[in-house]
Amino acid sequence: MTLIYYFSHHTANACLFPVCALHHVAVTTVEGIGNTKSRLHPAQERIAKSHGSQCGFCTPGIVMSMYTLLRNKPEPKMEDIEDAFQGNLCRCTGYRPILEGYRTFAKAMMSSSLFNSSEFQPLDPTQEPIFPPELMTQSNKQQKQLCFRGERVMWIQPTTLKELVALKSQYPNAKLVVGNTEVGIEMRLKNMLYPVIIAPAWISEMNAVQHTETGITFGAACTLSSVEEVLRKVVAELPPYKAEVFQAVLEQLRWFAGPQIRNVAALGGNIMTASPISDLNPVLMASGIIHLPLISPCSTEGKRTITMDEKFFTGYRKTIVKPEEILLSVEIPYSKKGEYFSAFKQASRREDDIAIVTCGMRVLFQDGTNRVEEIKLSYGGMAPTTVLALKTCKELTGRDWNEKLLQDACRLLAGEMDLSPSAPGGMVDFRRTLTLSFFFKFYLTVLQKLSKNHNGTVSNNLCEPVPSNYVSATELFHKDPISCVLLQEVPRGQAVEDMVGRPLMHVSAAKQACGEAVYCDDIPHYENELYLTLVTSTKAHAKILSVDASEAQSVPGFVCFVSAKDVPGSNITGIANDETVFAEDVVTCVGHIIGAVLADTQEHSRRAAKVVKIKYEELKPIVTIQEAIEKQSFLKSIKRINKGDVKKGFEESDHILEGEMYLGGQEHFYLETHCTLAVPKGEDGEMELFVSTQNLMKTQVLRVLLCRNCIVHFGLCLINVSFNRTGRPVRCMLDRDEDMLISGGRHPFLGRYKVGFMKNGKVKSLEVSYYGNGGNSVDLSYGVMDRALLHLDNSYNIPNVSSVGIVCKTNLPSNTAFRGFGGPQGMMIAECWMSDLARKCGLPPEEVRKLNLYHEGDLTHFNQKLEGFTLRRCWDECLSSSSYHARKKLIEEFNKQNRWKKRGMCIIPTKFGISFTVPFLNQAGALVHVYTDGSVLLTHGGTEMGQGLHTKMIQVASRSLGIPTSNIYISETSTNTVPNTSPTAASVSADINGMAIHNACQTILKRLEPIKQSNPKGSWEDWVSCLIPDLGYDFEKNEGKPFCYFSYGVACSEVEIDCLTGDHKNIRTDIVMDVGTSLNPAIDIGQIEGAFVQGLGLFTMEELRYSPEGNLYTRGPGMYKIPAFGDIPTEFYVSLLRDCPNSKAVYSSKAVGEPPLFLSASVFYAIKDAIYSARKDSGLTEPFRLDSPATPERIRNACVDIFTKMCPSAEPGTFKPWSVRV
């Protein structure tokens, strides 16, 4: 007899999957498939060479998702690749280069000038690691029960149902865990402790799949991926009428988390978790009679079967299942003839996101009629449990499926699915409207199916067909990424060895793809090392009455607790000396650091920190900009820029428009959280610091702690205090929730404007006030507001300007530097009034924008002359390459033909000033060593964060010295080689560090000149056997030159919105960007795309949510959503403007890190354009307010229609909202 073994490969989240559960499992990590010393695996090679890795922190996970797909399907389709990445996130790349590199595995027709796919090594499945033979032989042997004991938790893995029942009898309150996707989060983030965990994943009965006459029975331990696989096969074989429920389950699973979760999460676990926003429970509840067999060691019968009906969920996270009972299996039924089923889910992000509202809807008609025999409407997200709309269903039973039923159903649902205006989760109007929108979609879908019989012929005797302009409301979401990239070509005649302008691969990409790149927390632990965990405030504003660390001392491994009294010297810190190392008497935000616990391990340190007791006397906090304005809580420095005669400008204007716009903040969400490691060097108190920072200069002054807001010198004084106290190595790496709680982000802004303009759209006068939420200290808020004011014009010539910028002081963590540094906020408000005035004039927005653009030689509102003004070239190229006018006509036709789907398009320019606005920071240092073997060691003052700075600097040195890049090695940034560095920020790092390197190289070449003259035919090996720009600006006089030069760009974006749900998809984006003469087009295009997608998050998705008391709800990826792979435009075209050298930067290049971010505003205003079309269908034609980000909630609420009118908002001031806009 020959044994044939079948193996499947599954991705899983290492942070959730317990080590205990890996017994009898072969684990492959990124280090196990290839390395830089021997051979890269094709999955590693292609992401590196296609420029798909920047900071590299996410790269190993993406590589392993692709590797797993290739092991299961060596020739995948592009759809398979997209699906494989649903659980992966990247903050740097914009995703396009990753998809483009991996598209080569799909044998898709493509070409790229950024990499040569013919150089890729082919995928050879025969060269993959074999499955361990020991595990093969183990599969035929009787498995034994396993038990692992920790300090506080015991993990037991039974192998038979009998063992499981006995264990449940012994430990009735034990948690049953298969994938650990819920319990793992509860234990880590919610402080839950489960002393006994039982893992039934290996019990055969609980993994069995049985096909019965009534449906398919899945064991409760079956993973969601296995359920999905079974149902897909069955649906392909069954007649459609029998697979209605299965199709609905598959549609929900399609958007259920990512494959890493679905591969381990169990069907039974999803039910028993009893989440009120479960994707599957509403489907199961609505599908008819779902029988759940239970087994109990305490019952005389041993087994009982319950029904998943309206009585199943008894409260929040509670069911009727008794603690000692075990769910064995779940039967999903076949549907019948005349039965129709749909499932819907709306989330903040389409991929890998929890639901806001989810539902399952089922209707059964009397045979051969359109009369309702039975109907079930089940909702999640509308109560503490999954609920059935019982009253509505009762009223609809026996009714004909027609317009009158629809109207009555919506009226009944609006009453039955009501929510308190203070309901947890907020978004009350949106959630209520979704219940009606989903039913309307269901009504149309059923109507469409009733109008055709199952042979495809029209059946007119049941009902009228769906109106043609309503059909798109029934379509399921679909998109397919494609892309094309254009770039400058290297000038003819450029030497082959001259690498400037060529798409050189990121120097760290291969190491990142192999998991070899070392990040701060990858540094091996030192002997006697301690771990530090912060103790932070839970109140936004309060007096500290007492701090009690006595209970922490009883935690194993506890060493000490440090607080303000342990600080040697001054406890005062911060850029404006308005912060403290540790809070002493008063806390001024949630997350304010009060102390820190040191222990021998990370786990012990965390445990001890959680039991430190703090007593407060609460004070009234100021949380929002509005509250700060009311209470005049402002930071002292108020800036103004005035130009011309504003009053006269308004008098000469044909129209005057007033309004305001709010822009929410943004979390940095760098994938590597803050980390610091301090190591004693043994003599004279010397300490070596390893810091995840972009501002090394601050590590030189240990008195300065925790500019806890950028990725800057985090925790240095904390570490120093701890080091002084213990004399031992100390490490601190924040978890995501800690990082988001403690650190500030992009400043929320409120802009109030009054703009005067002529009938043709020409702007005459502008009066604008900017309010920024600075948080509880000055930090960099003044600089952010300065840049916002300097960019209030975006790209438009406004003859008369009166502007004021005010930073609000609130009880939030101090907001800080973020890509764009206030520029995006200033420009976004400009585009708001520009968009509205175009509507007021009744003119095409693109014509009004172009009419107001600057020309070469114009003076800005801050009196800087525009030189080398290429924006109009960018504008014309973008209009042409995007086929703007032809596509606009197509969009108008689409909108006429579709009532519930609308498209919009917008073209947006940007003008971004390049420099630090603090003049002395516009300099850099570099150290270049040339060795006698011809090799060169290069060090500079910039920090490599994934933006390709090191790679560009190697290219600069290569051209400057005239040697191959292979001869040049770069050393990580360090203050003992290049001191007094400027921060790696403001997009100038390549400019200033590149010039420093160029100057250093020129100095060396000058020294070599006598040797070269004596041996002119010798080789490089034979020969070797910053300028500070005149910058500065005076706000009071409105004179000076704040910027060295400007970067320009234009983007045109097209979107499609679902007017019923608020969903949107990005159909196409065209970008034309002036980057001067590119040092490295691959890196520059990567920066453009990465900035654009980060801006896409800022303007359409990422929303920080705070309680009225100033407590941050969005503390991790569960609630805070950055763009995923599926959010990038379906067609994404990036073009670098040709023949535009910049004389003010190294080798005629331009800064590229921050300028492109604002171009994603084109998506926001395309969404607003689509909403205009939807509102027009409802008889609304006036300009309307749309705040940023344009989330599904804001889009849906702005698309006013009969459904939104049935869910009116509660009167402000009559209730306490769950969250506030800060």
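## Charges over rings

A charge is said to sit over a ring if NZ of Lys or CZ of Arg is within 6 Å of the ring centre and within 35 degrees of the ring normal. Arg-849 lies over the face of Tyr-1165 in this way, at 5.9 Å from the ring centre. Likewise, the charged end of Arg-903 is placed over the ring of Phe-894, 4.1 Å from its centre.

## Basis of the report

The model is predicted, and local features need pLDDT of at least 70, side-chain atom pairs count only at pLDDT 80 or more, and totals for chains, interfaces and linings use all residues. Residues are numbered from 1 along each chain as its sequence is written, and side-chain values use heavy atoms, with hydrogens and water left out.

## Aromatic pairs

Rings of Phe, Tyr and Trp (its six-membered ring) pair if their centres lie within 6.5 Å; planes under 30 degrees apart are stacked, over 60 edge-to-face, and the rest tilted. This rule gives a count of 36 aromatic pairs. One of them joins Phe-85 and Phe-1125, a stacked pair at 4.7 Å centre to centre with 20 degrees between the planes. Phe-85 is buried (under 20% relative accessible area; exposed is over 50%, partly exposed in between, with a 1.4 Å probe and protein chains only), at 0% relative accessibility. Phe-1125 is also buried, with a relative accessible area of 3%.

Phe-1164 and Tyr-1165 have ring centres 4.9 Å apart and planes at 75 degrees, so this pair is edge-to-face. Phe-1164 is buried at a relative accessible area of 0%, and Tyr-1165 is buried at 3%.

## An aromatic cluster

One aromatic cluster includes Tyr-854, Phe-862, Phe-869 and Tyr-1033, together with Phe-1035, Phe-1043, Phe-1046 and Tyr-1048.
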